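Me: I'd like to go through this one piece by piece. Can you take my questions as they come?

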Amino acid sequence: MKKMRIAIPTRRQFLVGTAAAGTAAAAGGAWVLTDDPIDFIVAMIKRSVPYIDFEPGAVETFAEYYIDRVEPQRQGNIEKISKLVRGIGLPLTETILDGNEKYENFRRTTVSTFLIGTDYFDEGRDQAKPVAFFGVNPCGRNPFAQFA
Amino acid sequence: MQFIAADQTSGPWDLVVIGSGFGSLFFLHSYLERNPTKKVLMLEWGRHNTTDWQLEHNTNSDIAPLSTFSNESPKTWNFNIGLGGGTNCWSGMTPRMHPNDFRLRSLYGRGMDWPISYDDLMEDYDWAERIMLISGPPDMGKMFPGAGNYPQRPHKMSSPDLILKAANPDVFFSAPCAKLSESVPGRSACCSNGSCSLCPMKAKFYGIDNMTFVFDNPAVSICTGARVRHIHAEGDTAKSVVFQSGGREYTVAGDLIVLGANGIHAPFILQQSGILDGEPGAYLGEKMLALVEIYLDGLEHFDGGTSTTAVDLRYVDGPHRAEGGANLYWSENSFQWSGLRLDPPNRFREVLPVAMTVEDELLRDNAVVDTGGDLPKVVHAGFSDYAMKGLDRAVSKVPEVFGALPIEDVQFRRIEPTTDHLQGSLRMGTDPETSVVDPDQHHHRVRNLVVVGTSVFPTTSWANPSLTCAAMSLRLGKRI
């Protein structure tokens, strides 16, 4: 399915210098040194699918889009986890939250929403290129659906 | 639509209708066909939030349900305050109730029998399905007598669904729903994105968009922002309705009063009116909604044509209902429920989310309570042992029900906080001591007061209630 790239003016663009410096991300385990929820979302996604190579800035663009639109109650919970992540790191945080249905649901639905907004599932994608983020569409969120 | 201001409502009116959800709309649809010259005033607490407004603001209403009552309950409750009521926020699932759902007491010794039968509703089930353009399978008559004559073809099942259908042809079906499989003027086909409460395609049936016969009918005047506070009755006759709007109070007289507010506010209106016959507010409840995930070995899911593609009905009835609630299994084709599978790598689609609705038993002490203030209080102990036993059985049967699939693992995920199906608080019955309305939904004593909506359901069933509510209202509209 063709998706339109959504041009998102991001405060991330203003923060990216310091945030990037504050985020030490390694494949399979990200240590986030800030309590910016965007950094937490980025680290969580990258840790969930460490084997996927994304275009630079792809995950960050999604994370900012996501944080800008998430409902207030969930935003509050994300901020709390972000503070915990800043203190003890993401791997230990996720160890503590292992078996927590709400966190697991949040992690999976968020990662899924991001992946659906990329070209990862496009069968014709050039496998040699990093995965690109195109945007989150209000409809067509299930690219596997068949209607015939 | 003919909107009028509160100070233009003086009337008198032939009908004053309180609320504008499924109950009110389908009642008026039927009633006005036979009584086109009657003058109707519709009083709606909320605003007219168009479907475009709802999409733009990512919500169905500007009024948060939890701001309209106090909740002393381990669970939450949801409804929609706005023109169209629950037709805005519902998920669009439309199973009929099983014939034995109406005889729960006499067959299984639980709850109470309904004063009407499946046969009483058959004709109006069919009518409601045609009005909403239900998509469904032609073989549904195997479970529900007379069903299967759906105006829209069924949505495409997913790959696991097709295996299950082949293995269980008499109990496993494409799910009937009010989401189009084929576009019609003004409504697009479902895009299967899973956000059905805010359908981006307008594929789902919305009252405000798809019941123009009612809303645009010249007989109907609509006053929004009108919160009804009480019904004034003299002796056994309802005389008028008192509502608040813009800080002022208004009184409108009507020959017939139709109470179609939700299952928390409708009984509260009767309580505040001093119309206490049959214990309005008692027996509040709803069915349970829970989620399991079936992890599949080498079989991919999510390739169906709508968000909920299929339903297994083998345990919606049977002797197990004497001990625990009946249940059904929904095959969920949307990963909005719990996401794609992330572990192990690259098996994203090898998971089948299964939602289960489980019948609960309505208990007297679970109630809407009038404490004398402006807002009702809900006192509820949470799901009963009957529902929990039903859930335990439903989970234990997953390997059997889905045994045709290559199951790697089954994981229970969660019980949802609410199904948005408020029921029981103005229940119907033949005995005025134990019910509020009679089999024709007339108040037992105040005979020109009728109640529409799911608050009259005496049991929760396992089935989503909207279709049955619509059919009951169509039937009522023909009988007045």
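Predicted model: local features only at pLDDT ≥ 70, side-chain atom pairs only at ≥ 80, totals over all residues.

Me: What caps the N-terminal end of α5(B)?

Reply: B:S117 does, with a side-chain oxygen 3.3 Å from the backbone nitrogen of B:D119.

Me: Where does α5(B) bend?

Reply: At B:D124, by about 30°.

Me: Which residues of α5(B) are buried?

Reply: B:Y118, B:L121, B:D124, B:Y125, B:D126, B:W127, B:A128, B:E129 and B:I131.

Me: What covers them?

Reply: The cover includes α1 (22-34) and α12 (466-479), both of chain B.

Me: Changing topic: how many salt bridges over all chains?

Reply: A search of the whole structure finds 41. One of them pairs B:D52 with B:K202, at 3.0 Å from N to O. B:D52 is in helix α2 (residues 51-57) of chain B and B:K202 is in the loop between β4 (172-174) and α7 (207-210), so this pair ties together parts 150 residues apart in sequence.

Me: What does B:K377 pair with?

Reply: B:E72, in a salt bridge whose closest N and O atoms are 3.4 Å apart. The pair links distant parts of the chain, with B:K377 in strand β14 (residues 377-379) and B:E72 in strand β3 (residues 70-72), 305 residues apart. B:E72 has a relative accessible area of 45%, so it is partly exposed.

Me: And B:E408, which side chain does that one meet?

Reply: B:R347, in a salt bridge of 2.7 Å from N to O. B:E408 lies in strand β15 (residues 407-415) of chain B, and B:R347 in the loop between β11 (327-332) and β12 (351-358), 61 residues apart.

Me: Which residues are joined into one network by salt bridges that share partners?

Reply: A:E101, A:R108, B:E293, B:R413, B:R414 and B:E416. Within that group, A:E101 forms a salt bridge with B:R413, the closest N and O atoms being 2.9 Å apart.

Me: On to the two chains, then. How many salt bridges between chain A and chain B?

Reply: Four. There are also 16 residue pairs in polar contact across the interface, counting pairs with both residues at pLDDT 80 or more. On the side of chain A that touches chain B, helix α6 (residues 101-116) of chain A gives the largest share, 10 residues.

Me: How many residues does the contact take from each chain, and what area is buried?

Reply: The contact takes 27 residues from chain A and 32 from chain B. The area buried between them is about 2400 Å², and carbon and sulfur atoms give 53% of it.

Note on methods: Residues numbered from 1 in each chain as written. Chains lettered and ligands numbered in written order. Heavy atoms only, no water. Bend = angle between axes of the 7 residues up to and from the residue. Helix = DSSP H or I, 4+ residues; strand = E, 2+ residues; numbered from the N terminus. Buried < 20%, exposed > 50% of the residue type's maximum accessible area, 1.4 Å probe, protein only. Contact = heavy atoms within 4.5 Å. Polar contact = N/O pair within 3.5 Å; in protein donor to acceptor, adjacent residues only side chain to side chain. Buried area = accessible area lost by both parts, 1.4 Å probe.
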